[in-house]
Amino acid sequence: DQDGHLGKFTPDNTQQFYQPNQNLIIAAQLFHKLSVVIKYKKLIQYLPNDLELIPVLVEMISHYRDTPAGSSGLEQQEKWLLLNYLSHYLLLNIMNPFNLSQEINETILQTVISLDKNFAIACNSFLVATLLHRNPSLIHKYYLHLSYKMINQFLKVSERDFEQGLQLPEAVSKDWKYLIYAGNISSSAEHVDYLSLLKIVPRVAKYYFYFDQSYLKELLQWYITIFSGENELSGDILENTEHRFKLAKSFVLFLDTFEMQTVEQIYNYMIAPNGSDDLNTLHLKLLCIAAMIQNQSPDQNTRMDMNTLNVFPIISKYFDYQSLDYNNCLDAAYNKIRDAVNFITWAWIRSKNKVTSMQLVPYTKAVFLKLLFSTLFDYDLNIRRSALATLHELLGRFAVLDNVATVELMTFLNVINLQHIYSVVIPQIFDLFKKHGYETYNMQLLERMILVNIEKLKKINITKQAVSVLLILYEKQEWNKHITEISNKFVLDGKNT
């Protein structure tokens, strides 16, 4: 804490570090609990700072790393807590703006790289990257022993130096071109760390953008093979929702290295959805579109033209994308598609680029209705929640309704209970729109309930709820004519009946 109490648990006598000292274990436990809510780079600032402790800390890490669990009264969990605490303590002292001898630097690197093979400790990648960044001459010696996370951190901390002309040793530069191939992973890795690999590639691209732009084509081809399912990593990445999110973000950051005209060509070739996409690929492409919008800078020169990318037609086509069968095992996959569309809409509404934001203006009313439909009618609670959050953003940033109507709508719009939505919320919305002069929205709500919820969507519970709210409205007389007119637009078949 700010009064330095955490440091009080650290023994003044360094000899005490070599015993499973209770104060040291308490400090390690406290540090771990605090690190859950405070980022470690901030948390370590509350530890005592003493450069003379560096050799001691390195020796302690080696000591506890090699001490078998159960000996000296240390359980495996306590052992990890101590190593975690000592590694962060070491990082604090490494970050001091003083040059250490090459011998100490190498000892630290060897110790931490060895530790990283058996213990997952958050700061170790940054610690190694910091030392290599300060001592570029050591990269050639240790690059083959670095994990993906360490390489990623090194590329991150060195980004500005690359921009100013710093080149990696030739052997390193050549070897890291093969990071994208599963058969050439670093010797310290036992398997392909997909998430770290996806973080590395955009950073590798930035480096080779300065020194070997021809390699960018090979990286692009790597992404193409993953998207198309031809890469050996495709199955593991495309079939995992978290990995698809990471792949979308990675690919969009990779596109930053290209001119806008090239990006639009790549978009049309790789990202624009088409009818042949399976559900996983379609979800990935929609996530890419959302990430592209989100990644735009406020600079007008770097904007993506929403009309050129056909963003609104994509939203219109997929916002209600779902199975029309009574029972479908792919409902969860369809849910992800609709959620991704809400993500695209949310990103567009919140765009930092004013030109992009202004391109939404002609579509605000249509987007409002689509979000309202999703908020009220989607059978999945998570989709209703994401649609409602996006609707809040839209009404807060664009004048779709007048202020009073907006406040009233947000007051009673509740997405938790579907039965409550149909029996209470929808009649309230009809009264609200009538009172404030938005009756055209009421007509569109009626059409949606009759032509989609009843006619097309063959989910018994939704059909029952839609019929029940239509009965409520029908009893009010004023909607009789409209309900009858819309109902006449389709003929009930035996299955619908």
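At 8% relative accessibility, Ser125 counts as buried (buried being under 20% relative accessible area, exposed over 50%, and partly exposed in between, with a 1.4 Å probe and protein chains only). Ser125 sits in helix H7; helices here are DSSP runs of H or I with at least four residues, strands are E runs of at least two, and both are numbered from the N terminus. Setting aside residues up to four places away in sequence, Ser125 touches Lys149, Met150 and Gln153, where contact means heavy atoms within 4.5 Å.

A word on the ground rules. This is a predicted model, with residues numbered from 1 along each chain as its sequence is written, and local features need pLDDT of at least 70, side-chain atom pairs count only at pLDDT 80 or more, while totals for chains, interfaces and linings use all residues. Side-chain values rest on heavy atoms, with hydrogens and water left out.

Taken as a whole, the protein has 27 helices and zero strands. Of its 497 residues, 50% count as buried. Among contacts between residues at least 6 apart in sequence, 71% join residues at least 24 apart.

Back to H7, and its helix partner. The axes of H5 (residues 76-94) and H7 (residues 124-134) come within 10 Å and cross at roughly 25°; axes are lines fitted to C-alpha atoms, for helices over the stretch in contact, and angles run from 0 to 180 degrees between N-to-C directions. That makes H5 roughly parallel to H7, since angles under 35 degrees count as roughly parallel, over 145 as roughly antiparallel, 65 to 115 as roughly perpendicular and the rest as oblique. On the H5 side, the contact is made by Ser87, Leu90, Leu91 and Ile94, and H7 brings in Asn124, Phe126, Leu127, Thr130, Leu131 and Arg134.

Ile486 is buried, with a relative accessible area of 2%. Beyond its neighbours within four places in sequence, Ile486 is in contact with Met443, Leu446, Glu447, Ile450 and Leu451. The C-alpha atoms of Ile486 and Ile450 are separated by 7.2 Å, although these residues are 36 apart along the chain.

Finally, the cysteines. Cys123 is buried at 0% relative accessibility, and Cys288 is buried too, with a relative accessible area of 0%. A search of the whole structure turns up zero disulfides, a disulfide being a pair of cysteine sulfur atoms within 2.5 Å.
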